[in-house]
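Thanks for making the time this morning. I would like to walk you through one model, going from the chain as a whole to two individual residues.

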Amino acid sequence: MIFRKKKKKKLSELYNLIVQTRRKEKVKKEFVDKKWIVTIVLISFSISFALSFVSETTIPNLSLLLGIIVTLFFVFVGVLFDIIGVSVTTADQKVFHSMNSRKVSGADIAIKFIKNSEKVSSFCCDVIGDICGVISGSCAITISLLLYQSIGGNQLIITLLVTAVISSLTIGGKAIGKSFAINKCNIILYEFSKFISLFSISFGKNK
């Protein structure tokens with residue numbers, strides 16, 4: 001009897017959660033920004049095409065050491081933007097409102113980022129992060145070929161090892177970065193917003 005009551009209670013709680021989730025989904029569907037979706041797809045295509053072109057035309061002509069450095073650069077950029085994306089979604093807006101009232105440089109930009117956190121996070125984590133992941137993966141194939149030409153051995157094993165190392169660095173870096181971003185979200189967003197504000201100030205002066 002007690003077991004049945006607990007089961008009914010759990011089912012009712014689950015039903016309430018389902019109802020609340022559906023209500024939120026309906027609200028979100030009404031506010032789907034179709035223009036943003038089209039924009040982000042076009043931006044993704046443009047950046048991916050440009051970076052892929054650069055990596056495919058430059059890395060095969062580089063030495064092994066420079067090829068590794070370029071690949072690590074793409075891994076670093078992917079991890080860095082993932083940290084920024086997580087920071088934007090977890091930052092405290094009240095802190096930046098207080099800073100903005102004191103005319104702190106970059107605070108107004110940070111508020112804009114937080115208000116558009118879904119878009120900023122999507123751009124940083126999905127667009128830049130995924131593109132860097134794809135490019136570093138293609139770079140891994142080039143590096144494995146350069147290694148094979150330098151030291152010989154089994155090309156398949158070299159390719160698998162290089163790909164595994166780069167994937168581990170990317171995944172491990174993002175795992176460490178997420179923890180760091182959550183703990184230091186306000187500081188990271190402030191520094192990033194202050195950096196972006198330098199460009200807006202320069203643009204305003206030139207204008």
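Let me begin with the contacts in the protein chain: among those between residues at least 6 apart in sequence, 77% join residues at least 24 apart. Please keep in mind throughout that this is a predicted model. As for secondary structure, the chain comes to 8 helices and 0 strands, so that, reading from the N terminus on, the elements run α-α-α-α-α-α-α-α. Of its 207 residues, 29% count as buried, and the accessible surface of the chain comes to about 14,200 Å², with 67% of that belonging to carbon and sulfur atoms.

Is Thr-71 buried or exposed? Its relative accessible area is 2%, and because buried means under 20%, Thr-71 counts as buried. Leaving aside residues up to four places away in sequence, Thr-71 touches Ser-136, Cys-139, Ile-143 and Ile-166. Ser-138, for its part, is 67 residues from Thr-71 in sequence, while the two are 9.2 Å apart in space, taken C-alpha to C-alpha.

The second residue is Phe-49, which sits in helix α2, residues 34-58. Phe-49 has a relative accessibility of 56% and therefore counts as exposed, the cut-off being over 50%. Together with Phe-45, Phe-53 and Val-54, Phe-49 forms a nonpolar patch on the surface, and these residues have about 470 Å² of accessible area together.

Methods
Residues numbered from 1 in each chain as written. Predicted model: local features only at pLDDT ≥ 70, side-chain atom pairs only at ≥ 80, totals over all residues. Heavy atoms only, no water. Buried < 20%, exposed > 50% of the residue type's maximum accessible area, 1.4 Å probe, protein only. Contact = heavy atoms within 4.5 Å. Helix = DSSP H or I, 4+ residues; strand = E, 2+ residues; numbered from the N terminus. Areas by Shrake-Rupley, 256 points an atom, 1.4 Å probe, with all protein chains shown as cover. Patch = residues over 30% accessible without salt bridge, like charges linked within 9 Å, V, L, I, M, F, W, Y side chains within 5 Å. Salt bridge = Lys/Arg side-chain N within 4 Å of Asp/Glu carboxyl O.
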